Amino acid sequence: MKQLIIWTVVTLMVFITLLIYGLEQQNSQIDTVTARDLHNISNRLQKDSPQTSITLNAVGDILMHERVYRGAEQQGEYVFTPMLEPVMPHLQEADITFANQETMLAGETIGLSGYPRFNAPSSVADALSAAPVDIVSIANNHTLDHGREAVMQTTELLNDHEIDYVGAYRSYDDQQSLRVIEQNGISVGFTGYTYGTNGLRRPDGDDYLVQYMRDGTMVDDIQQMKDEVDFTVVSLHFGNEYEPFPTEEQRQLVQKLTEAGADIILGHHPHVLQPVDIVKTDHHESVVIYSLGNFLSGQMGLERRIGGVLQLELTKGLIRPSETSSVTNIQLMPTFVEFEQNGNVLNNVSVVPLANSSLPDADTIFDDTMTHMQTYTNQLDVVPKWVQVQ
C-alpha cells in the first residue's frame, strides 16, 4: 500500500513537470511567433490602415494692372468674377485653394494704380471668394507699394471675405497666429515670404507688415508649424523675372526648407511657369513648383499669359499618421489669359484652360508646356482639365 502511494505521488509529480514544461514551450513558441511577425504586422497595419485624403489647388500671380481693372469697369463698378468663371469648376474640385495675391486691394480710398506701384479695386476679393480661394499669400515685392495703410485695408477686406492670408500681417499677434486650414481630418499649415519689396522699407517696429526671406526665421517657422499640422505649405516669392528655370540659389534654399520640414513649396515672381520637382533630403521630401506663373494679369507675351492650376492629393493614415502621410497625384492644368486689347484697356479678360484657349496652335503649346514642366520629374501629370470636370 505504501509503495502504491509513493508510486502515485511520483507519477503525479512527473505529470505536473511535463505539463509545466509543455506550457513553457507553448509560451516560448507564442513569443517567437510574435517577435517574428511583429514587423510584418506593423507593415500590414500601415498598408491596410484607414486613410483620409484631401485635394489642394494652388494658382499663381493675381497681378491687377490698370488695363485689367479698367476693362472690368461696369457702370461705375469693377467686376472681376466673370474673369474667373471659365476655371471655377476646376477650382471648386479642391478642398483647399491657394493663390498668390500680388497686388494690395485697398481700393479707391487710397487711389487705384497699376505698374510700378499697384493698388487694385477691393472688389477683386469678391472674385476670390466666388472662385473660391481659401487662402492667399500677400508677401511679394509689391506688398509695401502703398505702405502700412494698404496692408491694413487689404487684410481687413480679406478677413471680411473669410479669406485667410500669409506673409503680411496686421500686428505681431496676427503674425504669430498660425494659419491652419482643416478639411476631412487633415490639417494644413501655410506661411509665406518674399525676397524683398522693391527697395521700400518696413516702418521701424512693424516687421510683421511683410515677411522677408532674409529675416532668418523660415526654418524655425516651418519647424514650429510642422509640430502642429499634418502638412506644411510654404509660399516663396523669389527667383528672376521671366526666366524659365530656377537659379542654383533657389534650389539650395528649397533643399534647406525641405530638410526643415516643408511638404509643399509654391514659388512665385518670375511671371512664367517654372518646373515642378520632387526634392529629397536626408530626413524629408517635398513637392515644389518653382513658379506658378501668372494666373490673372495684364502682362503681354505668350509665356506671361500662361499659368496653371497645381493640384495635389494630401493623404494621412489614421493609424500612425506621422509615418503614413504623403503628397501624391501631382497634376498641373495649364491656363491662359484671354483678352481683347483696345488701346490701353483689356476687354473680355478671362482665365481659361490652355487646351480650350483660342490660340491656333494650342495643342502644340500645351505639349511644349508639358515637356517644360516635367523637366525635373516624371511624377507630374500635365492635364488639359481635371477628369471630374466635364
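A residue is called buried under 20% relative accessible area, exposed over 50%, and partly exposed in between. With its relative accessible area of 24%, Tyr-376 is therefore partly exposed. Keep in mind throughout that this is a predicted model.

**Stop 1: Tyr-376**

Select Tyr-376, in the loop between helix H12 (362–373) and strand S17 (380–382). Leaving aside residues up to four places away in sequence, Tyr-376 touches Phe-245, Pro-246, Arg-251, Pro-275, Val-276, Asp-277 and Tyr-290.

**Stop 2: the whole chain**

Zoom out to a cartoon view. The chain has 12 helices and 17 strands, and of its 390 residues, 51% are buried. Among contacts between residues at least 6 apart in sequence, 71% join residues at least 24 apart.

**Stop 3: the cores**

In soluble globular proteins, nonpolar side chains tend to be buried together. Here, the largest nonpolar core has 89 residues. To find those with the most contacts inside this core, select Phe-80, Val-136, Val-188, Phe-190, Leu-266, Phe-295 and Leu-310. Then colour strand S15 (residues 326–342), which gives the core its largest share, six residues.

What does Leu-310 touch? Not counting residues up to four places away in sequence, its partners include Leu-56, Ala-58, Leu-266, Val-276, Ile-289, Leu-292, Ile-330 and Leu-332, along with Asn-57 and Gln-331.

**Stop 4: helices H8 and H9**

Next, select helix H8 (residues 218–226) and helix H9 (residues 248–260). They pack at an angle of about 30°, with their axes 8 Å apart, and their crossing is right-handed. Show side chains at the contact: from H8 come Met-218, Val-219, Ile-222 and Gln-223, and from H9 come Leu-253, Lys-256, Leu-257 and Ala-260. By class, this contact has six nonpolar, one polar and one charged residues.

Stay on H8 and pick its buried residues Met-218, Ile-222 and Met-225. They cover an arc of only 70° around the axis, so they sit on the same side of H8. What do the buried residues of H8 pack against? Besides H9, they pack against strands S7 (179–183), S8 (186–194) and S9 (231–237).

**Stop 5: backbone details**

Finish with the backbone. Select Tyr-115 and Pro-116: the peptide bond from one to the other is cis, with omega near 10°. Pro-116 lies in the loop between strand S4 (96–101) and helix H5 (124–130). Another cis peptide bond, with omega about -5°, joins Ala-131 and Pro-132; look for Pro-132 in the loop between H5 and strand S5 (135–137).

Asn-184, in the loop between S7 and S8, has a positive phi near 55° without being a glycine. Is Asn-184 buried or exposed? Asn-184 is exposed, with a relative accessible area of 52%. Asn-348 is likewise not a glycine and has a positive phi of about 50°, but select strand S16 (residues 345–353) to find Asn-348. Asn-348 is exposed too, with a relative accessible area of 53%.

Technical notes
Residues numbered from 1 in each chain as written. Predicted model: local features only at pLDDT ≥ 70, side-chain atom pairs only at ≥ 80, totals over all residues. Heavy atoms only, no water. Axes fitted to C-alpha atoms, helices over the stretch in contact; angles between N-to-C directions. Helix = DSSP H or I, 4+ residues; strand = E, 2+ residues; numbered from the N terminus. Left-handed = near helix turned anticlockwise from the far one by under 90°. Contact = heavy atoms within 4.5 Å. Nonpolar A, V, L, I, M, F, W, Y, C, P; charged D, E, K, R; others polar. Core = buried A, V, L, I, M, F, W, Y, C linked by side-chain atoms within 4.5 Å. Buried < 20%, exposed > 50% of the residue type's maximum accessible area, 1.4 Å probe, protein only. Arc of directions from axis to C-beta.
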